[in-house]
Amino acid sequence: MTSSATANYNNRQINELWDDLAEGYFNLGRADPDAKISKTTLNDANDNMVQFIINKLQISEDSHILDLGCGMGMYTVQIAARTGCQYIGTDINEAYLKKAELLAQQHGVADKGKFLYASFGATPEKIKKEAYT
């Protein structure tokens, strides 16, 4: 792709796109449209995303969540830490799963769930049949 075909989008344009698609959130959380991106603002954006998911899905201590493609488990672990819910996270990257397990231990929620090696299409039937929030 040449530079003339590359689009440049600012935070406001990205947020407007995702407002239409996902109520203003994107994979790095929710950043203020006028914020200069920095580690601090991305941390805030991730915190906002976690709280949005909890509120939107009404996740509580009685909830069971399934995170397909959980990566390093950041959202899964943060949701479990904030709510006390049970969780299952799946991913096809074994290194990410190990990091997710470590993160769960560090946040005191390792006993609340598990991380499994599985792809979207090969998620075990037992997991698919369970009820989730």
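# Legends to the close-up views

**Overview of the chain.** Residues 24 or more positions apart account for 53% of those contacts in the chain that have a separation of 6 or more, a contact being heavy atoms within 4.5 Å. The model is predicted, and local features need pLDDT of at least 70, side-chain atom pairs count only at pLDDT 80 or more, and totals for chains, interfaces and linings use all residues. Residues are numbered from 1 along each chain as its sequence is written, and side-chain values use heavy atoms, with hydrogens and water left out. The chain holds five helices and three strands, which follow the pattern α-α-β-α-β-α-β-α when read along the sequence; helices (H or I, at least four residues) and strands (E, at least two) are DSSP runs, numbered from the N terminus. Of the 133 residues, 33% count as buried, where buried means under 20% relative accessible area, exposed over 50%, and partly exposed in between, computed with a 1.4 Å probe on protein chains only.

**View A. The open sheet has three strands in the order 1-2-3, with parallel pairing.** Strand 1 and strand 3 (113–117) are the edge strands, each of them pairing on one side only, and the twist averages 10° from one strand to the next. Two strands are taken to pair if DSSP finds at least two bridges between them. Five bridges join strand 1 to strand 2, and in this pairing Ile-65 has Tyr-87 of strand 2 as its bridge partner. Strand 2 and strand 3, which run parallel, are likewise joined by five bridges, with Ile-88 set against its bridge partner Lys-114 in strand 3. Strands of a sheet pair through backbone hydrogen bonds, either parallel or antiparallel. Strand 2 is mostly covered, since five of its six residues are buried.

**View B. Helix 3 and helix 4 lie across strands of the sheet.** Helix 3 (residues 74–83) lies across strand 1, strand 2 and strand 3, and runs at about 170° to strand 1. Helix 4 lies across strand 2 and strand 3, running at about 170° to strand 3. Axes here are lines fitted to C-alpha atoms, for helices over the stretch in contact, and angles run from 0 to 180 degrees between N-to-C directions. Ala-95 is placed in helix 4 (residues 94–106) and counts as partly exposed because its relative accessibility is 43%. Although Ala-95 and Met-72 are 23 residues apart in sequence, their C-alpha atoms are 8.3 Å apart in space.

**View C. Thr-90 and Thr-123 are both buried.** Thr-90 belongs to strand 2 (residues 86–91) and counts as buried because its relative accessibility is 1%. Leaving out residues up to four places away in sequence, Thr-90 touches Asp-67, Leu-68, Gly-69, Cys-70, Leu-97, Leu-116 and Ala-118. Thr-123 sits in the loop between strand 3 and helix 5 (125–129), and its relative accessible area of 6% makes Thr-123 buried. The C-alpha atoms of Thr-123 and Thr-90 are 7.9 Å apart, while the two residues are 33 residues apart in sequence. Setting aside neighbours within four places in sequence, Thr-123 is in contact with Leu-68, Ala-118 and Lys-128.

**View D. Cys-70 and Cys-85 are both buried.** Cys-70 has a relative accessible area of 9% and is therefore buried, and Cys-85 counts as buried at 0% relative accessibility. A disulfide is a covalent bond between the sulfur atoms of two cysteines, and it is assigned to a pair of cysteine sulfur atoms within 2.5 Å. By this rule the count comes to zero disulfides.

**View E. The second largest pocket holds about 160 Å³ of space.** Its lining is made by Ile-53, Leu-57, Ile-59, Ile-65, Leu-66, Asp-67, Tyr-75, Thr-76 and Ile-79, and the elements giving two or more residues to this lining are helix 2, strand 1 and helix 3. On a 1 Å grid over the protein atoms alone, a pocket is an open set of points with protein on both sides within 12 Å along at least five of seven lines, in contrast to a cavity, where a 1.4 Å probe fits but cannot get out; lining residues have an atom within 4 Å of a point. Grid points are joined across faces, edges and corners, and the volume is the space filled by probe spheres set on the points.

**View F. Gln-58 has a positive phi, near 50°, in a residue other than glycine.** Gln-58 is found in the loop between helix 2 (39–57) and strand 1 (64–68), and with a relative accessible area of 66% Gln-58 is exposed.
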